[in-house]
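Dear colleague,

Please find below the structure that I am handing over to you. My findings follow it, and I would be grateful if you would read them alongside the coordinates.

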2 protein chains.
Amino acid sequence: MNAIDLIRRRRDGQVHSRAEFDLLCTGARDASIPDYQLSAWLMAAYLRPLTESETADLTLAMAESGTRIPMEGLPRPWLDKHSTGGVGDKMTLLLGPIFAACGLTTVKLSGRGLGITGGTIDKLESIPGFQTQLTRDALRDQANRIGFALGAQTQDLAPADRVLYALRDVTATVESIPLITASILSKKIAGGCDHLLLDVKFGRGAFMPTIEDARQLASSLRKVGTAARLRVRTLVTDMDEPLGAAIGNALEVAEARALLENPSSATARGQRLLALAEILASEALELTGQNEANARAQVKQVLASGAAAAKFHEWVAAQGGDLARLPEATHQTDILANASGTVTDIDPAQLARAVVALGGGRMTKADFIRPEVGAIVHVSLNDRVTPGDRLLTIHSAAPINNLAPWRAAITIAESAVAPERPLWTVVED
Amino acid sequence: MNAIDLIRRRRDGQVHSRAEFDLLCTGARDASIPDYQLSAWLMAAYLRPLTESETADLTLAMAESGTRIPMEGLPRPWLDKHSTGGVGDKMTLLLGPIFAACGLTTVKLSGRGLGITGGTIDKLESIPGFQTQLTRDALRDQANRIGFALGAQTQDLAPADRVLYALRDVTATVESIPLITASILSKKIAGGCDHLLLDVKFGRGAFMPTIEDARQLASSLRKVGTAARLRVRTLVTDMDEPLGAAIGNALEVAEARALLENPSSATARGQRLLALAEILASEALELTGQNEANARAQVKQVLASGAAAAKFHEWVAAQGGDLARLPEATHQTDILANASGTVTDIDPAQLARAVVALGGGRMTKADFIRPEVGAIVHVSLNDRVTPGDRLLTIHSAAPINNLAPWRAAITIAESAVAPERPLWTVVED
């Protein structure tokens, strides 16, 4: 079996063995299979999709192409969570401390943002002093001590996935459910968890535009994750409006901190974000063996008691972060309603593009990020507003000359009411 | 439109415009589209095949990616012929001189052999002094003077095809009728012809194993060639036994020479080869406007009068070849029948592999060829043989120790008779 045979078998829709996926992944990692053969295989796999069992084999082959984080000896259960990414998605900053406060152990490896989707590493690096380049030993020791550690993904984490993902990005082979599934799960397995909570987002601010697409990916992640010997729970959650109020790196850190410190003072947008955090945390506890009532009660308790907030501070301090020096933008500009009506749309993609244009995100991997810029959304869907009410506050490094892109993100209609959307659904089929 | 858009459109089965094929071909030629994107496009095109009209556009885009041989000013009609290649296929050595003797003008660019398929350039280079590296001006001047010139394909002949073909070879995307069609026709169009005779071979010694595959390719070549403004005639011809008696470079040159010089003394195998040559030449003349009876008569006449033989010598001399010094093998070994019976099979692939093993062909592009080695087949299908009759003569550079591969190529059965196969069929659907 050589690379050409491997491509031919995929091309003809024949089923690959685990050994064939090992050949592919070793070849990708070592460059012993050149890019042009990998990309021919990827297109064949796009048009002749992998079965669930093949996707599980590819996942394991990718996970084992690099070094796994050894979790043995750490307090159990080991849990990880993954979100497919969205606008204003600071969920990891909430859930890591909540999980730790509930007695779970989490070592999380996160990525950077690209395009309209923010990255957890970028958010944390807005905190002066916060270290994300931790060794495996440092991550492990910190997780053992306080229950939570978070580092940037390293080159030796599922390196075959890194190579294949970079190629998919430039060969129009990204949008394949089996390939997306293997890419997500391989990094989680290499990261060492045995329980995995997956948050698949849908809507204009997410990778999956429709709930049907998101359900399909969620179902694939659940089945393949289970076949790869993980305990998996999968939710599809709404990303057709921003999550919480803040969009932008330092602004999101501040929002997460404030919600953990004062959950009872949350605004309507903050309450919606906290509600999702509570659901996700409860599902995670249920996944690790608790019953639903106990799980919900424990999550509410660690929030109300301040235990989760204490974990947040313990964690940020353990990684060297100084929240007192969180950067603030030099300019703040309010966008006010100029008519009466009902808020019928808050477009997350439009807002995210405007924040990226301020320097708050990357269009290419080489772009520099301004940590302090972004926006705060003050209104919620179906809020009644009158002229002069604050809709948004823009945080920027220079005066804002053109308000049009910001105004375009929020629709105010005279009488229409935005349809109700479910915030979350557990996917079990 | 960039390379990723191009790949995505092919992936999704959308129809490419001529401008999109120009983008692809310019990108392939200049390496402005990297190999990994070209190979993703190739796999998408394999699994989402090009339409006939798209294939014609790709053909023209590939032909125009390099320099075309300008035929203007040369005596018309300009004709080229192409064979998909086989074992013992020395047809160009016969047809070039026959065409020229019939008043057609042919500038032919040929390739080298690889695997079991021989290449015309290798055959001609077995003649001491024969020059195949001719400039375009030299080819053109010679064709103007004597009606026929033959050179090796150069780097600037349809360079986009050269790049794409090399990638197809290593990405399991060779066996695509539209891609094969565009590859063949683009080089012919760049070579300058306006009439094209296509000989699509099928059988164990050919690229297409079955007559159905060959018919499909022939039909595609005819339709796409016509759409690309060529006058095309297409035949499918049998390649389930060697063509003629000789396999091996110098041996095939000697066989072609002998058949042209003494067509009436041909053996049964030689007669079969000459019959095919006459059909192909007559079809070519009909394609350029003659009626069938005149075409057949003219071909017979140039063979019988020695005009074709004279053109053969004029041509070889014009390119510097010295037939008196054609190399001969130091060892000749006869394979004799060891039982009585009927010859029911002469396996061309088995014979060709044995000749390649002697050094008469290449397994990789870097292999050196021994021009003098090969084999002569003495028997025809359904011949009756008795023990001691000569089946084959092997021409080699060293004594032959193992006769088994040679014996395995010829099947002698006690009473069975090999089924009749049509030597040729014109494809017009």
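With which side chain does the side chain of T237(A) make a polar contact at 2.9 Å? The partner is the side chain of K201(A). Please bear in mind that this is a predicted model.

T237(A) lies in strand β5 of chain A, which spans residues 231-238. The relative accessible area of T237(A) is 0%, so this residue is buried, the cut-off being under 20%. Its side chain also makes a polar contact of 2.6 Å with the side chain of D199(A). Leaving aside residues up to four places away in sequence, T237(A) touches D199(A), V200(A), K201(A), F202(A), L276(A), L423(A) and W424(A).

The axes of α5 (residues 91-101) and α14 (residues 307-318) come within 8 Å and cross at roughly 110 degrees. Since angles of 65 to 115 degrees count as roughly perpendicular, α5(A) and α14(A) are therefore roughly perpendicular to each other. On the α5(A) side the contact involves L93(A), P97(A), I98(A), A100(A) and A101(A), which meet A307(A), A308(A), K311(A), F312(A) and W315(A) of α14(A). By class, this contact has nine nonpolar residues, one charged residue and no polar ones.

Finally, chains A and B contribute 21 residues each to their contact. About 1,800 Å² is buried between them, with 69% of that area coming from carbon and sulfur atoms. Within chain B, the residues that lose the most area to chain A are R11(B), Y36(B) and L47(B), together 34% of what that side buries.

With kind regards

Terms used: Residues are numbered from 1 along each chain as its sequence is written. Chains are lettered from A and ligands numbered from 1 in the order in which they are written. This is a predicted model: local features need pLDDT of at least 70, side-chain atom pairs count only at pLDDT 80 or more; totals for chains, interfaces and linings use all residues. Side-chain values use heavy atoms; hydrogens and water are left out. Axes are lines fitted to C-alpha atoms, for helices over the stretch in contact, and angles run from 0 to 180 degrees between N-to-C directions. Helices (H or I, at least four residues) and strands (E, at least two) are DSSP runs, numbered from the N terminus. Angles under 35 degrees count as roughly parallel, over 145 as roughly antiparallel, 65 to 115 as roughly perpendicular and the rest as oblique. Contact means heavy atoms within 4.5 Å. Ala, Val, Leu, Ile, Met, Phe, Trp, Tyr, Cys and Pro count as nonpolar, Asp, Glu, Lys and Arg as charged, and the others, Gly among them, as polar. Buried means under 20% relative accessible area, exposed over 50%, partly exposed in between (1.4 Å probe, protein chains only). A polar contact is a pair of N or O atoms within 3.5 Å; within protein, one must be able to donate a hydrogen and the other to accept it, and residues adjacent in sequence count only if both atoms are side-chain atoms. Buried area is the accessible area (1.4 Å probe) that two parts lose on being put together, summed over both.
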